[in-house]
Amino acid sequence: MERVHLIPHGNSIVLKNHREEKRVPEKKKEKKLWRGQADIWGKDIRICYVIFTTVVPVRNVMPKTLDGQLTMEKTPSYFVTNEAPKRIHSMAKDIKLIVVVRNPVTRAISDYTQTLSKKPEIPTFEVLAFKNRTLGLIDASWSAIRIGIYALHLENWLQYFPLSQILFVSGERLIVDPAGEMAKVQDFLGLKRVVTEKHFYFNKTKGFPCLKKPEDSSAPRCLGKSKGRTHPRIDPDVIHRLRKFYKPFNMMFYQMTGQNFQWEQEEGDK
């Protein structure tokens, strides 16, 4: 029986195409629990979302997994939580991990945009991003900035898991070539390539691909209202300083993963 651990970063991975059913928590220690099951193009995948107020064994709340099924669980904060690798390793050392990463500068602005939609009174991005803007000192303690230092977080994970058990998905490629990235995901999980180009179409309004089933007449599954928001305009000088800040960390991340995400090239083309 194989269990697969899904760690999204940035945009949620497209494989999340299922009906979510909210369930009343069975234990006081659990804050929220959703369980969903869907037949995705002939492959039965069960997905569980858990948010804890205190430590509860994850296996106790995971859905039952039958032969031929994969169980996937996603929590955005795992990748940047120091205790997560050790706890997950103690639960299932052979688990497979998927991390979706994107340009850390874009990711930070997206993070800020999400917060701004909920708290419009917060200071500007430019104010939050610096300890001292005159001196160009970036505030790496601000979560929107800190999360994008991927090499720092990956170093923690590699203390417990070999690189062969971790798949890094490009958030940028997931938008422009979702089928290509999903092919890598399916290969990594040992699944037959059933999700292909015919299952996607690009939504120009959202600026992201939508997921569909060719034989299904129902509406395609697109990103919700909380995704694809228009980013506020950020001072170009601030963006330039952030690019310089992240560059050495990006280079380290490329070396650690053996993958060049070409974020510097992407920025140079703009």
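## Overall make-up

Helices here are DSSP runs of H or I with at least four residues, numbered from the N terminus. The model is predicted. Its protein chain comes to 9 helices and 11 strands. Of the 270 residues in the chain, 45% are buried.

The chain exposes about 14,800 Å², and carbon and sulfur atoms supply 52% of that area. Take the contacts between residues at least 6 apart in sequence: 64% of them join residues at least 24 apart.

## Helix H7 and the glycine after it

Helix H7 spans residues 178-188. It is mostly covered, with 8 of its 11 residues buried. The buried residues are Pro178, Ala179, Glu181, Met182, Ala183, Val185, Gln186 and Phe188.

What covers them? The cover for the buried residues of H7 includes strands S6, S9, S10 and S11, together with helix H6 (171-176). Gly190 follows H7 and has a positive phi, near 75 degrees.

## Nonpolar cores

The largest nonpolar core has 22 residues. Trp157 and Phe253 have the most contacts inside this core. H5 supplies the largest share, 4 residues.

Another core, of 19 residues, lies apart from the largest one. Among its members are Ala108, Ile149, Leu242 and Tyr246.

## Packing of H5 on H8

Two packed helices are described by the angle between their axes and the distance between the axes. For H5 and H8 the angle is about 35 degrees, and the axes are 8 Å apart.

From H5, the residues in contact are Tyr150, Ala151, Leu154 and Glu155. They meet Phe249, Met252, Phe253, Met256 and Thr257 in H8. The residues of this contact divide into 7 nonpolar, 1 polar and 1 charged. An α-helix has 3.6 residues a turn, so residues three or four places apart point the same way.

The structure holds 1 disulfide. Cys210 and Cys222 form it, with their sulfur atoms 2.0 Å apart. The pair links distant parts of the chain, 12 residues apart. Cys210 sits in strand S11 (residues 208-211), and Cys222 in the loop between S11 and H8. Which hand does the disulfide have? The torsion about the S-S bond is about 115 degrees, so the disulfide is right-handed.

Cys210 is buried because its relative accessibility, 1%, falls under the 20% limit. Cys222 is partly exposed, with a relative accessible area of 27%.

Asn203 touches both cysteines, along with Phe208 and Pro209, not counting residues up to four places away in sequence. Asn203 lies in strand S10 (residues 200-203). At 15% relative accessibility, Asn203 counts as buried.

## A positive phi at Gln262

Where is Gln262? It is in the loop between helix H8 (236-257) and helix H9 (263-268). Gln262 has a positive phi of about 55 degrees, although it is not a glycine. Is Gln262 buried or partly exposed? Its relative accessibility is 42%, so Gln262 counts as partly exposed.

Definitions and conventions: Residues numbered from 1 in each chain as written. Predicted model: local features only at pLDDT ≥ 70, side-chain atom pairs only at ≥ 80, totals over all residues. Heavy atoms only, no water. Helix = DSSP H or I, 4+ residues; strand = E, 2+ residues; numbered from the N terminus. Buried < 20%, exposed > 50% of the residue type's maximum accessible area, 1.4 Å probe, protein only. Disulfide = S-S within 2.5 Å. Core = buried A, V, L, I, M, F, W, Y, C linked by side-chain atoms within 4.5 Å. Contact = heavy atoms within 4.5 Å. Areas by Shrake-Rupley, 256 points an atom, 1.4 Å probe, with all protein chains shown as cover. Axes fitted to C-alpha atoms, helices over the stretch in contact; angles between N-to-C directions. Nonpolar A, V, L, I, M, F, W, Y, C, P; charged D, E, K, R; others polar.
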